[in-house]
Amino acid sequence: MPMLDRTLPPAFRPITGFDLIRPRLVTFGNGVKLFVFREGTQDLVRIEWVFNNVFERESQGLLNMAVNELMLEGTSAYSSAQIAELVDFHGAFLVPQFGYDQSTLTLFSLNKHLGNLLPLVKDILTDATFPEAELETYVRNNKQKLQVSLKKNSFVARRLFNKRVFGPTRYGYVPGMADYDRLSDEALLAQFLKQCTADNCTLVVSGNVTDDVIASLERLFGGQWRDETVAPAADNPPVFVPPHALLMVDERKEALQSAIRIGYQSIQRRHPDFPGLQVLNTVLGGYFGSRLMVNIREDKGYTYNISSALVSLKHAAFFTLASEVGVQVTKATLAEIESEIQRLRDEPVDEAELALVRNYMMGAMLGSLENIFSHADLFKNVYFSGLDLDYYDYYTQVVNTITPDTLLRLANTYLDYDKMVKVVVGKLV
Amino acid sequence: MVTFERFTLANGLRVLVHEDNATPMAVVNILYDVGARDEDPERTGFAHLFEHLMFGGSVNIPNYDGPLQRVGGQNNAFTSNDITNYYITLPAANLETAFWLESDRMLGLAFSEKSLEVQRSVVCEEFKQRYLDQPYGDAWLRLRPLAYKEHPYRWATIGKELAHIEQASMDDVKAFFARHYAPDNAIMVVAGNVETGAVRQLAEKWFGPIPPRGKGVRSLTAEPPQREARREIVHASVPQDNLYIAFHGPARLDRAYHTMDLLSDLLSQGASSRLYRRLVKEKPLFSEINAYQTGSIDPGLLVVEGKPLPDVPIDTAENAIWAELEALAAEPVGVYELNKVKNKVESTLVFGEMAILEKAMNLAYFELLGDAGELNREVDRYLSVTADDIQQLAAQMFRKENSSTLIYIAHADA
């Protein structure tokens, strides 16, 4: 047997593509769209009822979030305690999730219990009552939680950053103590009736989605949801004005670490440069081997973690970079971040690094598809950006073929440290 | 049901293979039988610091992450009080790269001074980020030495103090590697779109030549039975009071382990659980409350943790928790409620089988406990717990003499 040469890496195959599962679309009589991702090795399903957030005022984010979370706290037929018992007894998880643009109610359940659980979800989505006592509990407990969170530098930094980058808009809004006190059961109910409607609902179902499951969903959610319908509110997003660059320091005299947030508005997924900018972001701070990690963690030991991300929203987008670093190296870290961004604008990324990033990104995409739920997740990313799964063909093509020159152009167009908002919560030393 | 094949190399490395062809990916998970419990009390935090150093280059491969990222892979690791677990996820077509990387760092590390210096600093920042620079972050640094007086569970994985990490030397690092990082002290699980025969060949090729180093005998001081209620009160710059009560419970392989797990579920699994329903919703005494158990291999802890509302005196809050715990000891839990927590366990286990990484980690852990096949009998162990078991264990555990209470009292200025 020849001696094993451990210095030589084994041969490998670059990942050049991946197979996506396309959903089956079922449209109910009332217009509700159901996207079905079927895979039957386990007898379980994940059902997501997705609603676009409806805004009449840009500052009503807390109201929308509270509607999403308090739906589970009572209907005309079931008390909060009864709903909790039914969900738990059937081994299910019924989880409200609130995002910038959508509110989702997700049910994780074994198929055998759906007969008991789906009628309950129907009752919640059509007839939640927002009992005053439950609202009081919610307000009391969430104010307590907010008080604790406000003691965490990273939490405070994120709030300051969002506010500064998006100003007085839905994306810049952060709830304060007084906002909790302003919630009322009437406002919750009114918002619920406007937002939680068949017209505004998309269903995404993944797992062992048999014809029986689809038939049950159609029976419960395919007809009229309520006796009286409220006209769907038009979504009139404001103009998102780019912020002025600024260094904001919120000094915390006892801090051991400074939380840093840097970034500004950026381009959305449907912009042709978006996948290329994702490649650039990966080089900078999008994976463990990124330049920020290699320089600021693995070379200097300033932090446990540093990363950057590009986030696409329905009406806007942003680039963000975050870390928590020892207070004594806060200024030094800012200087390194600036120089890493500048280097992307001055020097082309070399081919070896780019090849690594291409393979890493394709492998990560392939790895994110490990089960049927993740196929549904990728679909939601594009569907709610107004795109379809063909987007991933374009994405694959860009990742595999983008050149160092294009990355240089993207860096000079979309990453300008001088124009970014910089937030430091801790100490600027 | 998680199926698997199992074989052992001549050098003692145990290998398990789980084939799941629904995914294009593969997972390579290597568990080393070493955790914070194996540390010298004067050099704590070492198992975890060492985990960081495992990414600092090995004897033939100067950079661990780059070659893996180049073939589309990702990796991470965690250290607990019991184990150190490393895992790679990568396209199954490039499986051999994982074998190359993992076998080389099992063979030997580069032991670079620069890597040690940087990772000491990184771990100190992790210590600050997770344990020092946020409200109640140091709770476990206080609770462990309150509950454990002799057993090495008395310190947290991150270590007792920053100084222990700052003082770690290259000699310490080398000795730790020689003692714990060896094929006969590891379990490897390969899962995903793989084939057992091919995995066996790769394992022989890359891991076969690594010499065994002899498995050391672990002799840890058992924690003596606690005989008095313990209490620590901290006046801190935190926004609210906070209360932790920890109880000694059974070891992972004890027959009563699953009973303890269900006890914590009865108390706080889901919005219908006892503590949440009664002490947050019905009698509003807490803004949040939780119960969980540490799941450790040696006898572990069941902890109840709650933040009382601002106008609730701490002793009122404490008494309310005790009333709920004593109710579990005084009266058998009803059939409905017991079935409820069992149903949740059942569906959680089924959902856990959706992810190959989770399956691989579970197989490795159950193999460490004695037999990976026990993973598939886990649900039956939960289902066989009776109301009587619950009541007896509650009576045995929920006693003042078996409790360690940690209380944070908020400063007025916070």
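This is a predicted model: local features need pLDDT of at least 70, side-chain atom pairs count only at pLDDT 80 or more; totals for chains, interfaces and linings use all residues.

Colleague: Which residues meet where α11(B) and α15(B) pack, and what makes them count as being in contact?

Modeller: From α11(B), B:Leu325, B:Leu328 and B:Ala329 meet B:Ile390, B:Gln391, B:Ala394 and B:Ala395 of α15(B). Two residues are in contact if their C-beta atoms, placed from the backbone, lie within 7 Å. By class, this contact has six nonpolar residues, one polar and no charged.

Colleague: What else does α11(B) lie across?

Modeller: α11(B) lies across β8 (242-248), β9, β10 and β11 (403-410) of chain B, and runs at about 140 degrees to β10(B).

Colleague: In the sheet of chain B, why are β7 and β9 placed at the edges?

Modeller: The sheet is open, with five strands in the order β7-β11-β8-β10-β9 and mixed pairing. β7 (230-236) and β9 of chain B each have a single partner strand, so one side of each is left without a neighbour in the sheet. From one strand to the next, the twist averages 10 degrees.

Colleague: How do you know that β9(B) and β10(B) pair?

Modeller: At least two bridges are required for a pair, and seven join β9(B) to β10(B) (residues 301-308). The two strands therefore pair, and they run antiparallel. B:Asn290 stands opposite B:Glu305 in β10(B).

Colleague: How is chain B divided into domains, and what shows that they touch?

Modeller: The domain assignment gives domain 1 (5-208) and domain 2 (230-410). Of domain 1 of chain B, 31 residues are in contact with 27 residues of domain 2 of chain B. On the domain 1 side, α5(B) gives the most, with five residues. That side divides into 16 nonpolar, eight polar and seven charged residues.

Colleague: How many residues of chain B touch chain A, and which element gives the largest share?

Modeller: In chain B, 60 residues are in contact with 58 residues of chain A. The largest share of the chain B side, eight residues, comes from α4(B).

Methods:
Residues are numbered from 1 along each chain as its sequence is written. Chains are lettered from A and ligands numbered from 1 in the order in which they are written. Helices (H or I, at least four residues) and strands (E, at least two) are DSSP runs, numbered from the N terminus. Axes are lines fitted to C-alpha atoms, for helices over the stretch in contact, and angles run from 0 to 180 degrees between N-to-C directions. Ala, Val, Leu, Ile, Met, Phe, Trp, Tyr, Cys and Pro count as nonpolar, Asp, Glu, Lys and Arg as charged, and the others, Gly among them, as polar. Domain bounds come from an automatic or database domain assignment.
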